[in-house]
Amino acid sequence: MMLWIIAAAAGIIIALFLVFKYTKTGKNDVVGFNMKCKICGETTNGLKCPRCSNKKNDWR
């Protein structure tokens, strides 16, 4: 019985948080997605950068 009350309270808190975030977001804002690597600027199409992922600092 107590688990249902905790789950309901968590759901209500999450719903209130999402409503708050929705009201604070501007009508022209969109979700951003960067197609380029942050380090070298090469186009990655959402995958790991092949140029930067080969540079590993392994100090074994």
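These are my notebook entries on a few spots I looked up in this predicted model.

**Ground rules.** I count residues from 1 along each chain as its sequence is written, and my side-chain values use heavy atoms, leaving out hydrogens and water. Because the model is predicted, local features need pLDDT of at least 70 and side-chain atom pairs count only at pLDDT 80 or more, while totals for chains, interfaces and linings use all residues.

**Cysteines.** I searched the whole structure for disulfides (pairs of cysteine sulfur atoms within 2.5 Å) and found zero. For cysteine 37, the nearest cysteine sulfur belongs to cysteine 52, 3.7 Å away, and cysteine 37 is in no disulfide. Cysteine 40 is in no disulfide either, with the sulfur of cysteine 49 nearest at 3.6 Å. Are these two buried or exposed? Cysteine 37 counts as buried because its relative accessibility is 14%, and cysteine 40, at 31%, counts as partly exposed. (Buried is under 20% relative accessible area, exposed is over 50%, partly exposed is in between, with a 1.4 Å probe and protein chains only.)

**Lysine 36.** Where is lysine 36? I found lysine 36 in the loop between α1 (2-24) and α2 (50-53); helices are DSSP runs of H or I, at least four residues, numbered from the N terminus. Lysine 36 is partly exposed at 48%. Setting aside neighbours within four places in sequence, lysine 36 is in contact (heavy atoms within 4.5 Å) with Gly41, Glu42, Thr43 and Thr44. Its C-alpha atom is 7.7 Å from that of glycine 46, ten residues apart along the chain.

**Methionine 2.** I placed methionine 2 in helix α1, and it counts as exposed because its relative accessibility is 58%.

How values were computed. Helix = DSSP H or I, 4+ residues; strand = E, 2+ residues; numbered from the N terminus.
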